[in-house]
Protein chains: 2
Amino acid sequence: MHRFLLALGLLLCLPSRAEEGMWTYDAFPSEAVKKAYGFAPTQAWLDSVRLGSVRLAGGCSASFVSPNGLVMTNHHCIRSCVEDLSSPQKDLLATGFFAPESQSELRCPKVEANQLVEMTDVTARMNTATKGLSGAPFNTALKAEMTKVETECATGPDVRCDVVTLYNGGKYHLYKYRRFQDVRLAFAPEFPMASFGGDPDNFNFPRYGFDVAFVRVWENGQPAKTPHYLPWAKQGVKEGELVFVSGHPGGTERKGSVAELEFQRDVALPYTLLYLSELRGMLREFSQGSPERLRITRSHLRSVENGLKALRGRHQALADSSLLAQKRKAEAELRAKVLAHPKLKASTAGAWDEVTQALELYRPLLPEYRLKEAGDGFQSELFTLARQLVRAADELPKPNAERLREYTEGQLPALRQQLLREAPIPQDLEVATLTFGLNRLRETLGADDSFVKAVLGRESPADLARALVTGTKLQDVKVRQSLLEGGKAAVEASQDPMIVLARKVDTEARAVRKRYEDTVEAVLKRNGERLAQARLAVYGTSGYPDATFTLRLNYGAVKGWQENGRAVAPFTTFGGAWERHTGKDPFKLPDTWLAARGKVPPETPLDMATTNDIIGGNSGSPMVNKDGHVVGLIFDGNLHSLGGRYAYVPETNRAVAVTGVGILAGLEHLYGAQRLVEELRAAQAP
Amino acid sequence: MHRFLLALGLLLCLPSRAEEGMWTYDAFPSEAVKKAYGFAPTQAWLDSVRLGSVRLAGGCSASFVSPNGLVMTNHHCIRSCVEDLSSPQKDLLATGFFAPESQSELRCPKVEANQLVEMTDVTARMNTATKGLSGAPFNTALKAEMTKVETECATGPDVRCDVVTLYNGGKYHLYKYRRFQDVRLAFAPEFPMASFGGDPDNFNFPRYGFDVAFVRVWENGQPAKTPHYLPWAKQGVKEGELVFVSGHPGGTERKGSVAELEFQRDVALPYTLLYLSELRGMLREFSQGSPERLRITRSHLRSVENGLKALRGRHQALADSSLLAQKRKAEAELRAKVLAHPKLKASTAGAWDEVTQALELYRPLLPEYRLKEAGDGFQSELFTLARQLVRAADELPKPNAERLREYTEGQLPALRQQLLREAPIPQDLEVATLTFGLNRLRETLGADDSFVKAVLGRESPADLARALVTGTKLQDVKVRQSLLEGGKAAVEASQDPMIVLARKVDTEARAVRKRYEDTVEAVLKRNGERLAQARLAVYGTSGYPDATFTLRLNYGAVKGWQENGRAVAPFTTFGGAWERHTGKDPFKLPDTWLAARGKVPPETPLDMATTNDIIGGNSGSPMVNKDGHVVGLIFDGNLHSLGGRYAYVPETNRAVAVTGVGILAGLEHLYGAQRLVEELRAAQAP
């Protein structure tokens, strides 16, 4: 390979600059860190931080911070758990929660934690399976081989195996995780404190959120043993200091083709933004109806608002012509290099055109796919459960490799956890969101569309939603269990209205999914892979792969930035939070914080900004110093980081973290969580 | 001029095709109509249809249909009047309204009707005033000269004079209107019937709306004499028949530069779409709170939904790469022709670049401008009144030519009508929308922005909005009148909280407006004018000018189209409406219609589609046959017509109208509006 690259004269072409990069652990640029900061992580350092890192399967990051299974993450990463554990009488989101001893920790109904224990390159095997294929057959073979590899690897319910895509299909790795499904809540602050500043401050800095939570993984009725953990640092960090973030960035498109970026800008993002912003308007107003409505809505609303703001930032980045100009230039350069090399020219023939054509097919298909199959038309937990039951009945009897991916053996523990969770499903909110989805369905596809007519008949969306939600029995776990265990016969016989609806729409929903997968996804994947292989041939792996919710390590420094000519300092303090308190939500500090004046020095650092290259999915990531000791907890990025989906801009892109010092001060002096403080102190390096 | 064009060899280059075109009355292509349909309108025909056409100053079209001031328009054009005349006890939007004699017609608090009586070319005068100027001085001189011309022309409150921009600044005309401010409601159907099918059917066809209303202009306590009116046709139209539409298309950008279209696609439309869709979500949910909330919200909600759907259609048109490719080609062609001609090359030097630069400045300014100055941050009728009073106090003492345009003498009748209208302002809705606006303001500019801090202090948007709305006395017309008449001293002394807020924000709001006008608007206008003059020099006026809410005539035929390979027929019928009735809003027919089965033959045509090139603002336009007799009433376009903002696509772009036959049948057999039927019959041509 090196000779080939040398022949192209390209080995010196390093596309990333400075702190940019979401590096896999097997290709971390230690030398670059050494050059910039005088410190190079060793293999032992890397292994230790990797094994101390945790993935929350729902889409977050976390870390082990004691040998007894204690896990640190963001409050917003386990917010739905706190909500599930709440009731009108006991509102843990409002009050926060602390378990004074481990036995009183509360089990989260649907949280799964994973620890990455092994990574294997399976590119050759995947390539063999898809050799010579394209379009739908390529996609089918790829998925079947993934399922096969994963099934061979998953030797029990405590092992999770995922074939992950790296370098846009240039490489495939098998990631083997230790799986924990008994995850219990140990500490959560009040939601208003975790999200202090609400939507206005979200993705902004200076910031004063205490977005912290601790859970614990249990095994066999005991706290699990986790000998690999990240010890708490004895000292906080200073401005300019080197810090590392280990976590699971959810997705970037830095290597995406220009056509795909334009499609995002013009079609996909506008669709989703409009959907979410109307949903936000509805949910905010709905939540004002009564205190109970507020209680059942605020977590979902916060998620919607967060997603909306993040996607708006992305759209703005793409709407900035300079970003796309830069991408066009890079793509033109790659095309020129590829064309100049006969082998690559042949291997990529037609690839860019096929991408463009697939996107043209996707354009009219996208709303249909999102509404009928991807949930937008049926915004309801109860409907989702119904569909999962209907599909499980169809899929589970099939051979493993022929099933829809989410029903393969490796996915069953997660599926069972979701279907059999003990968590309340508030009817009022279900009616509101399902009405919203059905209205969208009718508006978008038209009142005369046959699918719309099949769903609605002569009902209005609101009346139908109410009838479905009040008529179904699926909120009862026992009902779901009997349908899951009863299989096809039980599901076919069910007269539950939500099951009836899910059955009725499934043929068409599957059809639109198949059309999407065969004509869009398959083409984008296959050509993405061809182009990725060409890019690897030209530039090598000196760059890092786009993020795919797989574990990455990056480095950076504690650092502010210039905003419109004004310097933004890298730290905020407890004193700043007290000043920002107006008494009005979302700038209302809870009593714990108001009472703490005098107990914590006002200059105690609370949040900080760093240059680490992170993105959604990194929430909950530990931040460690060069000793591998915890100095912070990632919970956000600034507005400029949102464009990081497409490009990292070192001057302004900043990660936002709660400081380790602030976390400890809060636990000890505000929340009296002495047990956890002692556990963290005991786990400190000597 | 002709020699010059002949020299360029371009006289034969007619850019428009078939029915495309929103023609001014002084340049109607009668010969083209003759060629296509064997009929050429004469000058007398044109004058007669022009004088029968009416503009509703709020943004709609209409027509005189009797010699006694009877005006036909859409229900949705006078919906706010019907709402203003309603109360919880007497809900005219729900019940509809018919005045059995002219004395019981009800005055609309804020409707103004205009009849175009004279058009004068004032291009030379405007060009002289701005000669050699650019940037802010250009803009200032242009506006001052407009004000001067208008003031000279406006000889009394019943005369309205507007200098209108045609050909993107290539020409300026002075339009002189007869002004009617005493406009009274004679007939309106039920809102659910006018908007039958609601948002799902809006911009769709087949369609079954009865979006019809009749008002009457009065003078001196009597129905006004309107000798120029459009007689009702004795027979309906047939498929393929030639029809004309005379009305006021609000705005098109068919001649806009590519940079401006990209700005719309990437910046302006996404901003507005996100604002409106969240507002829609809020208003829909708000309206569900109680029957009274529904009553006060539904009209506003409908407007928001209509705007949202229209803008979404526009965005989709721009997101279609083929449209922009075509625009890029046309622009490149124009640039090439301009460069090839030394005089034009000199006159347009730097014009495209200046447009691009102005848009770059606009990008970060747009949200600020819209929030602080253009109403988005202060969504409240009461605030708008407060601002008008504050500004009137500042502006009216100035010399006329130095005032903000909306406070010049010619605009005073409209301003007084708005400020002194007797119409209820529902507090609940005001609180909801003002809260919405203030939240947007804070989210967009950030909680730390100085303007935001000045507005909110330590209040929450919701609490501040409630305090302002419940604290102000501006809902009382007498209070407004005394502030208007009291001038600066009265406004300065006022402690009314809404006036206090309007005063507090005015300096900054004016500053951002000035920044917008000086650095964006002025540059776009000046260069738009330069490019327009070059375009006229190259292509002549063989094309039609972009729409600017000025009177236009176009021609077309009654015709369906092919939608995804399926034929859409051009007519719907009363029978179709009965079939579409589901009993659930928005597909619930009112009792008048349900009771009418058997009274009206089901095959009676109700709505129809035609190829006329129309756009928002054309609502309420009369449709006439070649005799100049009324055969329909425009009330919508199909989804494909939304892209007509940028380009007319003859295959699919359709106007949607209520048939004249359907209107008469409805009035006579469903609503028993015998008096109006007789008036229309009496006015029929012999």
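Two residue pairs are in polar contact across the interface of domain 1 of chain A and domain 2 of chain A, both at pLDDT 80 or more. Polar contact here is a pair of N or O atoms within 3.5 Å; within protein, one must be able to donate a hydrogen and the other to accept it, and residues adjacent in sequence count only if both atoms are side-chain atoms.

Some ground rules. This is a predicted model, where local features need pLDDT of at least 70, side-chain atom pairs count only at pLDDT 80 or more, and totals for chains, interfaces and linings use all residues. Residues are numbered from 1 along each chain as its sequence is written, chains are lettered from A and ligands numbered from 1 in the order written, and side-chain values use heavy atoms, without hydrogens and water.

Back to the interface. Domain 1 of chain A covers 19–112 + 181–253 + 546–682, and domain 2 covers 343–543; such bounds come from an automatic or database domain assignment. Eight residues of domain 1 of chain A are in contact with ten of domain 2 of chain A (heavy atoms within 4.5 Å). The two domains bury about 710 Å² between them, meaning accessible area (1.4 Å probe) lost on being put together, summed over both. Pro109(A), Lys110(A) and Gln181(A) supply 59% of the area that domain 1 of chain A buries against domain 2 of chain A.

Now chain B. Is Ser641(B) buried or exposed? Ser641(B) is buried, at a relative accessible area of 6%; buried means under 20%, exposed over 50%, partly exposed in between (1.4 Å probe, protein chains only). Its side chain reaches the backbone oxygen of Asn638(B) at 2.6 Å.
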